[in-house]
Structure formats: structure tokens, C-alpha cells
Amino acid sequence: MLELEIVPERSIGCEQWEFILGMHFSQAVAIIQSQVGIIKGVQAIYSDSNPLGTDLVLNLPQDGIRLVFDSVVQRLKIIEIYNMKLVKLKYCGLVFNSPEVCPSIEQIEHSFGATHPGVYDAEKQLFVLNFRGLSFSFHVETKFQPSHTAGLGSLQFASGSSPCVSATSVYSGQSLADCSPPPLPLSCYYAQLYLSYVDVLRDNKRTRGLRLHLYTEGLNRRKKTLVREVHFSDTCQDVATLLGTPQRVFFKAEDKMKIHSPNAHRRVTARRSDFFFNYFSLGMDILFDARTQKVKKFVLHTNYPGHYNFNIYQRCEFHLGFPPQAAEDKKTIQISAYTKWDSVCESVKPSERPVVLNRASSTNTTNPFGSTFCYGFQDIIFEVMSNQHIASVTLYLAQEGSQV
């Protein structure tokens with residue numbers, strides 16, 4: 001049984017780890033992976049058809065805990081303990097829920113102090129006590145007598161005894177119904193660089209590079225904001241200077257899309273491999289040419305659940321603009337990580353026949369998420385999922401032709 005400390009409006013955890021409101025989905029997954037054998041089961045719950053309209057949930061059924069993440073920013077919004085019998089809980093070092101301690105209304109008042117009388121929902125038969133950033137739900141079969149003159153312990157219930165807490169929720173703000181995830185806490189920065197958003201820089205029909213709006217931990221434990229530009233002419237040393245050391249360097253072993261290149265038939269005598277700088281916290285990869293050591297390609301990831309690469313990268317909030325494609329149109333076409341492909345096709349005319357991309361793992365197992373489709377437009381490749389959401393955007397040098 002997990003023994004955890006609750007901090008209202010902030011977190012739940014122990015000395016070894018902590019789920020903190022505002023932390024990214026991938027950071028919570030990393031904690032769970034580090035506690036194999038202690039946290040014994042996990043379920044990821046999301047909507048395939050509407051990933052932006054339904055919260056992303058990590059359910060720990062053997063521990064009675066549910067972590068609810070906002071579907072857009074993918075940061076922790078609500079921590080819910082829905083089975084109080086599976087976990088031991090403390091507040092300020094004092095145990096208020098365990099096999100030996102029943103979390104009754106009297107116990108909650110003793111542990112957390114005075115609060116407002118509470119709210120009774122007759123339809124759900126729930127009595128709810130609300131503190132700032134913390135709510136306790138009690139299952140009550142019949143309506144109690146609202147007597148508050150002598151504190152919460154004086155409430156009169158039909159059974160004659162105070163019910164025990166059936167669920168506990170930790171959140172940011174004063175209302176569970178209206179709560180939203182706070183910004184990424186400084187304690188979750190881990191000395192990494194994070195992306196607010198990125199503007200794709202274009203001239204006419206060609207991409208020049210990216211303007212990245214970044215943030216990281218500065219002096220005196222404060223958030224520091226930065227703006228950096230990376231272009232196709234930059235070397236790997238330039239990029240490392242601007243963005244820091246990549247979280248991983250990956251050398252390309254083969255190019256499975258090479259057959260679609262007009263130069264695919266040419267023999268290459270050199271054995272040097274192009275290589276990627278992987279920036280997982282920025283949601284992007286940068287490909288360098290093996291010969292020139294200069295930027296050859298940018299890959300921006302949107303991190304939708306149901307995609308093969310989900311949870312490897314954080315979502316890249318990109319802004320991609322095109323001039324009007326028709327003479328009668330005056331409005332600039334704007335595409336973001338949330339624009340659906342059918343909306344894109346209303347404004348631009350990509351390649352009619354997509355390239356089918358069906359990833360497989362290193363062990364040649366079947367991709368459980370199915371194929372995606374790659375469409376070309378100018379010097380851009382859009383990878384599209386079956387639910388019409390854009391999985392990734394690849395920006396490459398125009399002279400590379402149709403090579404992906």
C-alpha cells in the first residue's frame with residue numbers, strides 16, 4: 001500500500017517521488033516507470049476520435065489514484081484518489097486515511113481545520129467538503145439534517161453516524177469544476193529548455209528556419225524566457241550553442257522514404273550517416289547533413305495520443321503561415337498543431353496521393369496504432385493521423401525535391 005502525503009493545491013507523493021499539479025504527462029509517466037513493482041499497474045485513457053476534447057488520464061487501478069491531464073497543454077490538472085481503501089494518506093505528517101483511521105467528517109475537520117459547511121448533491125447522493133485546492137466527497141444515501149451550529153461534527157445523518165470519505169481531489173484554485181492546470185512548476189524544469197511556441201520563418205514558398213520562444217530556469221529559481229532563431233545554414237555547433245546539448249543524438253541507418261526521391265538510383269560511396277539532434281522537451285528533431293554538418297531538416301511533433309511516437313516528445317506549438325493561395329483571398333492561411341487536416345485542405349492543395357507510413361519497432365512487431373499518411377506541399381511534409389489531426393510537420397530544403 002502506498003503511503004503518500006497530500007499538499008492541497010500542489011501535489012501528492014512521498015520522499016522518493018511526487019505527482020505535482022502542472023507537471024507534463026511525460027514526467028508523470030517517467031515517475032511511474034521508475035516505480036515498477038511499487039506502482040503495479042497503469043492505464044492510459046484517451047479519445048482516439050477527439051483527443052483535444054477529452055482529458056488525458058493515467059489510471060492506477062491497484063492504488064486507487066487517477067491523474068487527469070488537460071488535453072491541450074498535456075499538464076496535470078487533477079489528482080483524484082477514488083478508492084480510499086487502497087492508499088494511506090497523510091497531511092502535515094498526520095495520517096487521516098489508513099486501514100486503522102477512517103476518514104470521517106470529524107477526522108477531516110481534525111486534520112485540516114474548519115471549512116465551509118459543504119455542499120450536498122441530492123442527485124448523486126454526495127456530500128462535498130471543499131478546501132482551497134482540495135475536495136472530499138462523502139457518499140450519503142439519504143439527505144442529512146443541515147445543522148452547523150457546533151462545527152462539521154454536528155451534522156446529522158440518517159444513519160446516526162458520520163460517513164467516511166469516498167473520494168479526494170487535489171487541484172489548483174477554489175473550484176474543482178472550474179480548475180485548470182497551472183504553469184509547469186519550477187521543480188519540474190530539471191534544468192531543461194522548454195518551448196512556449198515556434199514560428200516557422202518563410203520567404204515566398206521556401207522555409208528559412210524557426211524562431212523559437214523558449215523558457216528555462218534562470219537565476220534565483222525564476223523563470224527565464226529566451227528567443228532563438230535556427231536556420232538551414234546553421235551548423236551543429238551553431239545549434240548546440242543556441243539550444244544547448246540535445247537530449248539525444250541519433251544517426252540515420254537507412255532512409256525508408258528514399259525511394260520517393262528523384263536521386264534514389266544514385267550510388268553513394270561515403271558511409272557517413274546524416275544525424276539528428278533530438279530535443280524531446282522542445283518537441284522537435286533537427287537533421288544535419290553528414291558531409292556539410294549543416295541543418296537539412298526540421299521535424300515538429302504534435303504528440304497526440306494514438307500516434308506511434310506519443311510521449312517521446314512534448315507537443316511542439318508551431319505557427320505556420322502561408323500567403324493566400326487564391327487571388328480573391330486576402331487572409332493569410334494559419335496552421336497550428338491543432339489544425340485538422342481537412343481544414344488545411346480547404347486552404348491549400350497538397351499532393352493528391354499520400355505516402356503511407358507504417359512504423360514498426362526494432363523487433364519488427366506490428367504497429368498497434370496503424371498507418372499515417374504523408375502529404376507534400378511546397379517544402380513541407382504533413383504527417384496525418386486517421387482522425388485528421390497532424391502528427392508531425394517536416395520542413396526541408398527546397399532543393400531536396402520530393403525527398404522526405
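I began with strand pairing, for which two strands count as paired if DSSP finds at least two bridges between them; strands themselves are DSSP runs of E of at least two residues, and helices are runs of H or I of at least four, both numbered from the N terminus. The model is a predicted one, so I noted that local features need pLDDT of at least 70 and side-chain atom pairs count only at pLDDT 80 or more, while totals for chains, interfaces and linings use all residues. Residues are numbered from 1 along each chain as its sequence is written, and side-chain values use heavy atoms, with hydrogens and water left out.

**Entry: the whole chain**

I recorded 4 helices and 26 strands for the protein chain, and buried residues make up 47% of its 404 residues. With contact meaning heavy atoms within 4.5 Å, I found that 52% of the contacts between residues at least 6 apart in sequence join residues at least 24 apart. The accessible surface comes to about 20800 Å², with 49% of it belonging to carbon and sulfur atoms; these areas come from the Shrake-Rupley method with a 1.4 Å probe, and for residues only the protein chains shown count as cover.

For a nonpolar core I used a set of buried Ala, Val, Leu, Ile, Met, Phe, Trp, Tyr and Cys residues joined through side-chain atoms within 4.5 Å. The largest such core has 47 residues, of which Phe 19, Leu 67, Leu 89, Ile 108, Phe 136 and Phe 138 touch the most other members. Helix H1 (residues 25-34) gives the most to this core, with 5 residues. Apart from this core lies another, of 41 residues, and I noted Leu 300, Tyr 375, Val 384 and Val 393 among them. Leaving aside neighbours within four places in sequence, I listed the contacts of Phe 19, which include Ala 28, Ile 31, Ile 32, Leu 60 and Leu 67.

I then asked myself how many residues of H1 are buried. The count is 7 of the 10, so H1 is largely enclosed by the rest of the structure; the buried residues are Phe 25, Ser 26, Gln 27, Ala 28, Val 29, Ile 31 and Ile 32. They pack against strand S3 (18-20), strand S5 (56-60), strand S6 (65-69) and strand S14 (194-203).

I traced an open sheet of 5 strands in the order S16-S15-S14-S21-S22, with mixed pairing. Strand S16 (223-231) and strand S22 (333-336) are the edge strands, each pairing on one side only. Strand S15 (residues 206-217) is joined to S16 by 9 bridges, and the two run antiparallel; here Leu 212 stands opposite Arg 228 in S16.

Helix H3 (residues 236-243) lies across S15 and S16, running at about 165 degrees to S16, where axes are lines fitted to C-alpha atoms, for helices over the stretch in contact, and angles run from 0 to 180 degrees between N-to-C directions. In H3, I found Cys 236, Val 239 and Leu 243 buried. Seen down the axis of H3, the buried residues fall within an arc of 60 degrees, so they line one face of the helix; the arc is that of the directions from the helix axis to the C-beta atoms. On the other side of H3, Gln 237 and Thr 241 are exposed. Just after H3, Gly 244 takes a positive phi of about 85 degrees.

Note on methods:
Buried < 20%, exposed > 50% of the residue type's maximum accessible area, 1.4 Å probe, protein only.
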